[in-house]
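Let us walk through a protein fold step by step. Keep the sequence and the 3D view side by side as you read.

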Amino acid sequence: LASVFVAARLGQAVTAVAADRIRSGLYGQAGNKGAVAVSLKVEETSLCIFSLHLESGHSAVKAAERAEQLREVLSGSFSTSKGKSISVGKHDLIVVTGDFNFRASLPDEASPQALR
């Protein structure tokens, strides 16, 4: 679920609203992980907003899978079967939020005090 709230004074300035859902969990079949995205224009400024939830896991393999999922979400959103698409990279502002499930990878000898 994604909600975008717009101040009443800007309501008439919002155009070109589009939404998309990108599945990435369980090989893109179950949809238990992935993202929702909203694209819109406010006056002449284009925005693309993502809320995502990537798979968890502590291994280097899982970290690489999460990075690939993020790439898939950013590159695969707003594509249609008719070949038309909204290019995420061409927006003036892109906001990506959510549960990335990325972990800090520190050497075993690192102490909590060293992180401060």
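**From strands to core**

The protein has one helix and four strands. Both are DSSP runs, numbered from the N terminus: a helix is H or I over at least four residues, a strand is E over at least two. Along the sequence, the pattern reads β-β-β-α-β.

A word on the model. It is predicted, so local features need pLDDT of at least 70 and side-chain atom pairs count only at pLDDT 80 or more, while totals for chains, interfaces and linings use all residues. Residues are numbered from 1 along each chain as its sequence is written, and side-chain values use heavy atoms, with hydrogens and water left out.

Start with the sheet. Strands of a sheet pair through backbone hydrogen bonds, either parallel or antiparallel. Here, four strands form an open sheet in the order S1-S2-S3-S4, with mixed pairing. To count as a pair, two strands need at least two DSSP bridges between them. Strand S1 (14-23) and strand S4 (93-99) are the edge strands, and each pairs on one side only. From one strand to the next, the twist averages 10°. S3 and S4 pair in the parallel sense over seven bridges.

H1 lies across S1, S2, S3 and S4, and runs at about 145° to S3. Such angles run from 0 to 180 degrees between N-to-C directions, with axes fitted to C-alpha atoms, for helices over the stretch in contact. Contact means heavy atoms within 4.5 Å.

What lies inside? Of the 116 residues, 23% count as buried. Buried means under 20% relative accessible area, exposed means over 50%, and partly exposed is in between (1.4 Å probe, protein chains only). In soluble globular proteins, nonpolar side chains tend to be buried together. The largest nonpolar core here has 11 residues, including Ile22, Phe50 and Leu70. Such a core is a set of buried Ala, Val, Leu, Ile, Met, Phe, Trp, Tyr and Cys residues joined through side-chain atoms within 4.5 Å. Strand S2 (34-42), strand S3 (45-53) and helix H1 (60-76) each supply at least two of its residues. The largest share, three residues, comes from S3.

Look at Leu70. Not counting residues up to four places away in sequence, Leu70 touches Leu52, Leu54, Val96 and Phe100. At 25% relative accessibility, Phe100 counts as partly exposed.
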